[in-house]
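Visitor: I am new to this structure and would like to learn how to read its features one at a time. Could you take me through them slowly?

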Amino acid sequence: MKRIGTRLVICLLLVSLLAVTVSAASLENCPGSCAHQAAVDTTHYDTLAEALTAADAGKTVTLLADITLSAPVTAEKSVALDLGGHTLTGNLIFTDDGTIRNGKLIAADGIGVLADGCTLVIEKDAQLEGCGTAPALAITADKDEEALVKVSGKISGADTAPVILAESLDGSCALSILKNAELTADTNPVISFDSEGKLEIADGTLQGKKDLITVHIAKDRKTEISVTGGKLLSKEGEVIVFTEEEGAEIPKDFVTGGTYNTVPTAYVPAYCRIVKNADGTGTVISSYTLTFLSGGASGSMKPVTVQCGSSYSL
């Protein structure tokens, strides 16, 4: 496996150091009561590991039942994992592009899902649960590599580990939180970001008891933050907390949207407006959409988006 951050290595070692080997047979159109774990098209396989190994790039591996893995399983080719509405208990590693959809994955004594130098999509009908001692989802990349994870599903965690951990010493990680995403933490951070790359909150809901997002800024790497939408609700802590190396600069003016119980005003550009809502939350608005009525005249004009604080001339 590629080199990853110290915390991720420790978490994986807690799970197992065993290699997963492909053994066995498969049956087409399994008759009667099927005891196989997964399928690729109409071919069934004894284990999920066998199915992932047998699947060609671009194929979908479908889980056939609720299963518990005895060791971490690695997807080394670009595949989609359709959980088939079932629950998978264990640990998955993606080293090539992949997708998780349609079911629940519960972490076992370690990282639930690791995206290692690849692109991974967590679709809206997928649910990940952390085991508490390790993140439900981790992202890492080696030198000259990039890892990208797009989240539209539900991810939760408890205890002290972040729900999502992006960590790389010399690679680049990117994390996008999109529409329908629901990230929930107990007392731990929802997201911990310690890498070059980009953290983007475009939509979804992030909620927790204490600090929602922690970001470490290193002097010799570029880390970009963008919050343009979503609901970020922290009961007691801050929305975002930075730590930085000496000489490193904290990002500025990156909150241009979103709804908060406590708006992080230090990171909101001066041109934005903060609108108070009836439930006590505040919404950051960066622009308005102007629409035009003809007033009985002929002709029409398309709507125009105008940045707050600017003027628009007819």
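Guide: What follows is a conversation that goes from the whole chain to single residues. Please keep in mind that this is a predicted model.

Visitor: What share of the residues count as buried, and what share of the contacts comes from residues 24 or more positions apart?

Guide: A residue counts as buried when its relative accessible area is under 20%. By that reading 47% of the 314 residues of the protein are buried. As for the contacts with a separation of 6 or more, 51% of them are accounted for by residues 24 or more positions apart.

Visitor: Turning to charge, how many positive and negative side chains does the protein have, and how many salt bridges are found?

Guide: There are 24 positive and 39 negative side chains, and the centres of these two sets lie 7 Å apart. Over the whole structure, a search finds 5 salt bridges.

Visitor: Which parts of the chain does the pair of Lys59 and Asp41 tie together?

Guide: A salt bridge here requires a side-chain nitrogen of Lys or Arg within 4 Å of a carboxyl oxygen of Asp or Glu. The side chains of Lys59 and Asp41 meet in this way, with 2.6 Å from N to O. Lys59 lies in the loop between helix H2 (48–54) and strand E4 (60–63), and Asp41 in the loop between strand E2 (38–40) and strand E3 (43–45), so the pair ties together parts that are 18 residues apart in sequence. Lys59 is partly exposed at a relative accessible area of 30%, while Asp41 counts as exposed at 55%.

Visitor: Where do Lys104 and Glu129 lie?

Guide: In the salt bridge between Lys104 and Glu129, the closest N and O atoms are 3.5 Å apart. This pair links distant parts of the chain, with Lys104 in strand E11 (residues 103–106) and Glu129 in strand E14 (residues 126–129), 25 residues apart. Lys104 is partly exposed, with a relative accessible area of 25%, and Glu129 also counts as partly exposed, at 23%.

Visitor: And is Arg221, which forms a salt bridge with Asp194, buried or exposed?

Guide: The closest N and O atoms of Arg221 and Asp194 are 2.3 Å apart. Arg221 sits in the loop between strand E22 (213–217) and strand E23 (223–227) and Asp194 in strand E20 (residues 191–201), so that the pair, 27 residues apart, links distant parts of the chain. Because buried means under 20% relative accessible area, Arg221 counts as buried at 15%, and Asp194 counts as buried at 19%.

Visitor: What is there to notice about the phi of Asn102 and that of Asp109?

Guide: Here the backbone angle is read together with the residue type. Asn102 is not a glycine, yet it has a positive phi of about 60°; its place is in the loop between strand E10 (98–101) and E11, and it is partly exposed at 28%. Asp109, which is not a glycine either, has a positive phi of about 45°. Asp109 is in the loop between E11 and strand E12 (113–116) and is exposed, with a relative accessible area of 55%.

Visitor: Finally, which residues does Gly153 touch?

Guide: Leaving aside residues up to four places away in sequence, Gly153 touches Ile122, Glu123, Lys124, Ala126, Asn180, Ala181 and Glu182. Gly153 is in the loop between strand E16 (146–151) and strand E17 (154–157), and it counts as buried at 0% relative accessibility.

Key
Residues numbered from 1 in each chain as written. Predicted model: local features only at pLDDT ≥ 70, side-chain atom pairs only at ≥ 80, totals over all residues. Heavy atoms only, no water. Buried < 20%, exposed > 50% of the residue type's maximum accessible area, 1.4 Å probe, protein only. Contact = heavy atoms within 4.5 Å. Lys, Arg positive; Asp, Glu negative; His and termini not counted. Charge placed at Lys NZ, Arg CZ, Asp CG, Glu CD. Helix = DSSP H or I, 4+ residues; strand = E, 2+ residues; numbered from the N terminus.
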